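Thank you for sending this model for comment. My notes are set out as numbered points, to be read alongside the coordinates.

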Amino acid sequence: MSRTVLRRIDHVGIAVHDLDQAIDLYERRLGLKAMSRERLEAEGVEVAMIPIGDSRIELLTPLGADSNLRKFLADRGEAVHHVAYATDDVAAGLRRAGEAGAQLIDQAARPGAHGTRVGFIHPKSACGVLTELVEADGHPGR
Ligand code: CO
């Protein structure tokens, strides 16, 4: 079995109905500050990153009508959507999970937000939590 090191929680993804409102709420109520915002058309989501220590909170809202995230929000309402672990090697992490019987959403690493590479493991294979592996792409401060 391949050896993979997950180094820390990279971010926790939180599904929200309204990104502006959610950013405002996190800034006013928790005193945090959103640093970046990005539309991921291919994913059908818009995300805002809020740094907290070595980790971040990722607020996500659906863009299109057929976004999977819209389904999630309809079923569960605003809630924690996924947990992302930082690793040096997403491909190895996916391979390891697959070899250990996990259902993979991504068979290979693919581009994520902010120049990262990401891969997702199905919630059924991680105690009900959609699990993201994320590999920084040489970005400073990540
Ligand atoms: Co994420």
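This is a predicted model: local features need pLDDT of at least 70, side-chain atom pairs count only at pLDDT 80 or more; totals for chains, interfaces and linings use all residues.

The points below go from the overall fold to the pocket and then to single residues.

1. The secondary structure comes to three helices and eight strands, and from the N terminus on the elements run β-α-β-β-β-α-β-α-β-β-β.

2. On overall dimensions, the C-alpha trace spans about 45 × 35 × 25 Å along its principal axes. The radius of gyration is 15 Å, which agrees with the value near 14 Å that a compact globule of 142 residues would have. Of the 142 residues, 43% count as buried. Among contacts with a separation of 6 or more, 53% are accounted for by residues 24 or more positions apart.

3. The largest pocket has a volume of about 780 Å³ and is lined by 36 residues, of which Asn-68, His-81, His-82, Phe-120 and Leu-130 lie nearest its centre. The elements that give two or more residues to this lining are strand 1 (6-15), strand 3 (45-52), strand 4 (55-62), helix 2 (68-76), strand 5, strand 6 (110-111), strand 7 and strand 8. Helix 2 gives the most, with six residues. By residue class, the lining of the largest pocket divides into 17 nonpolar, nine polar and ten charged residues.

4. Where does His-81 lie, given that it is among the residues nearest the centre of the largest pocket? His-81 lies in strand 5, and it counts as buried because its relative accessible area is 16%, under the 20% that sets the limit for that class. Leaving aside its neighbours within four places in sequence, His-81 is in contact with Gly-13, Ile-14, Ala-15, Leu-60, Leu-69, Phe-72 and Leu-130. Leu-130, one of these partners, is itself listed with those nearest the pocket centre.

5. Ala-79 also has its place in strand 5, but at 22% relative accessibility it counts as partly exposed.

6. Helix 3 (residues 90-99) has Val-90, Ala-92, Gly-93, Leu-94 and Ala-97 buried. An α-helix has 3.6 residues a turn, so residues three or four places apart point the same way. The buried residues of helix 3 pack against strand 5 (79-87), strand 7 (117-121) and strand 8 (130-135). At the N-terminal end, helix 3 is capped by Asp-89, a side-chain oxygen of which lies 3.3 Å from the backbone nitrogen of Ala-91. Just after helix 3, Gly-101 takes a positive phi of about 100°.

7. Glu-46 deserves a look, as a charged residue that lies in strand 3 and counts as buried at 14% relative accessibility. Which side chain does Glu-46 join through a polar contact of 3.0 Å? The partner is the side chain of Arg-37. Leaving aside neighbours within four places in sequence, the contacts of Glu-46 are with Leu-19, Arg-37, Glu-38, Arg-39, Leu-59, Leu-60, Thr-61 and Leu-63. From Glu-46 to Ala-92, which is 46 residues away in sequence, the C-alpha to C-alpha distance is 28 Å.

8. Two loop residues complete the list. Gly-64, in the loop between strand 4 and helix 2, is partly exposed, with a relative accessible area of 25%; not counting residues up to four places away in sequence, Gly-64 touches Gly-44 and Arg-70. The C-alpha atoms of Gly-64 and Leu-94, 30 residues apart along the chain, are separated by 28 Å. Cys-127, in the loop between strand 7 and strand 8, has a phi near 55°, a positive value in a residue other than glycine. Is Cys-127 buried or exposed? Cys-127 is exposed, because its relative accessible area is 82%, and exposed stands for values over 50%.

Terms used. Residues are numbered from 1 along each chain as its sequence is written. Side-chain values use heavy atoms; hydrogens and water are left out. Buried means under 20% relative accessible area, exposed over 50%, partly exposed in between (1.4 Å probe, protein chains only). Helices (H or I, at least four residues) and strands (E, at least two) are DSSP runs, numbered from the N terminus. Contact means heavy atoms within 4.5 Å. A polar contact is a pair of N or O atoms within 3.5 Å; within protein, one must be able to donate a hydrogen and the other to accept it, and residues adjacent in sequence count only if both atoms are side-chain atoms. On a 1 Å grid over the protein atoms alone, a cavity is a set of points where a 1.4 Å probe fits but cannot get out, and a pocket is an open set with protein on both sides within 12 Å along at least five of seven lines; lining residues have an atom within 4 Å of a point. Grid points are joined across faces, edges and corners, and a volume is the space filled by probe spheres set on the points. The radius of gyration is taken over C-alpha atoms; the globule rule is 2.2 Å times the number of residues to the power 0.38.
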